[in-house]
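Here is a short report on one protein model. Keep the sequence and the 3D view open while reading.

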Amino acid sequence: MVDLSVNLAGVRLDNPVIPASGTFGFGEEFKDLYDLDILGAISFKGTTVAPRLGNPVPRIAECSSGLINSVGLQNPGLDAVIAEQLPRMRSFFHKPIIANISGFAVEEFVTLAERLSREPQVEIIEVNVSCPNVHGGGMSFGTDPKSAAEVTRSVKQVSARPVFVKLSPNVTDIVAVAKACEEAGADGICLINTLLGMRIDIARRKPVIANKMGGFSGPAVFPVALRMVYQVSKACSIPVMGCGGVASADDVIEMMMAGATAVQVGAANLVNPYACKQIVEDLPKRMESLGIEKLSDIIGIIE
């Protein structure tokens, strides 16, 4: 019998497969398709202090090997997530929940982390530093090591749960940002968030997405994500959650060999709602065929 369990900053997961924030909602749309308790955890929809309607439509552009989205953090807001969404999730999902939080000022991250980290089923706070800093000229927190460290330090001061910082790949030196977060007290790093992309409707001579540009995800970004997971896991001593183009059990194993302790599945859920289920079911067979008894043994084995 193979062992799929992993330890993520003190949080035990039965397996490393986690639906990524923004691709699984709060699990409601998937709960009737299969038993969500087969998953390692769920990272729920990115939450802001105030409700957000999101960006104008169209928000999605298909690509040959992925998709571009510009949803704009549409969510019901912190109060509604705590009062309505989390109690509903508890009725059909009994594994660890990862609370993905997004803010436009440090104070917003602090409010979100302080309140959500005290919810019983929330085991990890995932800090999305890809949001524009409204007090910093609109530059993303995650593009500057000092800004990323400031958010990390502030959230750690109030969080009752481990803090993972989700980093943007749209930087020159991902290691510098990751190390700044580690030095500021982060318990782990999640990477990568989406790359910045664009599509043009050549018949209309206009961008496909109303916002012109959006986050590019899907199989095409996997090699970039893998490279960044490898670099950060070698440079930092805290665990990494790998994310970006993961669509199969082989991708999960590859991510873990590069240094990921757990692996998030994003765009694949939008293409195939059973993607995570199939990966969890396929993992034991692939492990046996590769002579892997414990998944945790392969974390970061690539030198």
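Predicted model: local features only at pLDDT ≥ 70, side-chain atom pairs only at ≥ 80, totals over all residues.

One of its sheets is open and has four strands, in the order 5-6-14-11. The pairing in this sheet is antiparallel. Strand 5 (60-63) and strand 11 (195-198) are the edge strands, and each pairs on one side only. From one strand to the next, the twist averages 35°.

Strand 6 (residues 66-69) pairs with strand 14 (residues 213-217). Three bridges hold this antiparallel pair. Within it, I68 stands opposite F216 of strand 14.

An open sheet of eight strands runs in the order 3-16-15-10-9-8-7-4. Here the pairing is parallel. Strand 3 (17-19) and strand 4 (42-43) each have a single partner strand, so one side of each is left without a neighbour in the sheet. Strands of a sheet pair through backbone hydrogen bonds, either parallel or antiparallel.

Two bridges join strand 4 to strand 7 (residues 97-102), and the two run parallel. S43 has I98 of strand 7 as its bridge partner. At strand 3, helix 8 (residues 275-290) lies across both strand 3 and strand 16 (262-265). Helix 8 runs at about 180° to strand 3.

## Strands 7 and 8

Strand 7 and strand 8 pair in the parallel sense over six bridges. I101 has V127 of strand 8 as its bridge partner. Strand 8 is mostly covered, with six of its seven residues buried.

Q121 sits in the loop between helix 2 (106-116) and strand 8. Is Q121 buried or exposed? The cut-off for buried is under 20% relative accessible area. Q121 has 12%, so Q121 is buried. Leaving aside residues up to four places away in sequence, Q121 touches R90, F93, H94, K95, P96 and I97.

Strand 9 (residues 163-166) is covered on both faces. V163 and V165 lie on one side, F164 and K166 on the other, and all are buried. In a regular strand the side chains alternate between the two faces of the sheet.

Strand 8 (residues 122-128) pairs with strand 9 in the parallel sense, over four bridges. E126 stands opposite F164 of strand 9. N128 stands opposite K166, also in strand 9.

Strand 9 also pairs with strand 10 (residues 188-191), in the parallel sense and over three bridges. The bridge partner of V165 in strand 10 is I189. Strand 9, helix 4 (residues 174-183) and strand 10 form a right-handed β-α-β unit.

## Helix 6

How many of the 10 residues of helix 6 (residues 249-258) are buried? Seven are, so helix 6 is largely enclosed by the rest of the structure. The buried residues are A249, D251, V252, I253, M255, M256 and A258.

These buried residues of helix 6 pack against several elements. Three are strands: strand 1 (6-8), strand 15 (240-243) and strand 16. The others are helix 5 (222-235) and helix 8. G259 follows helix 6, and its phi is positive, near 135°.

## The largest pocket

Rolling a probe the size of a water molecule over the atoms shows where empty space is left. The largest pocket has a volume of about 1400 Å³. Its lining has 49 residues, of which N69, G72, N193, T194 and G215 are the closest to the centre.

Which elements give two or more residues to the lining of the largest pocket? They are strand 6, strand 7, strand 11, strand 14 and helix 7 (267-271). Strand 14 supplies the largest share, five residues. Strand 14 is also a member of the four-strand antiparallel sheet, where strand 14 pairs with strand 6.

Key:
Residues numbered from 1 in each chain as written. Heavy atoms only, no water. Pairing = 2+ DSSP bridges. Axes fitted to C-alpha atoms, helices over the stretch in contact; angles between N-to-C directions. Buried < 20%, exposed > 50% of the residue type's maximum accessible area, 1.4 Å probe, protein only. Right-handed = clockwise from strand over helix to strand, strands pointing away. Contact = heavy atoms within 4.5 Å. 1 Å grid on protein atoms, 1.4 Å probe; cavity = no way out; pocket = protein on both sides within 12 Å on 5 of 7 lines; lining within 4 Å. Points joined across faces, edges and corners; volume = space filled by probe spheres on them.
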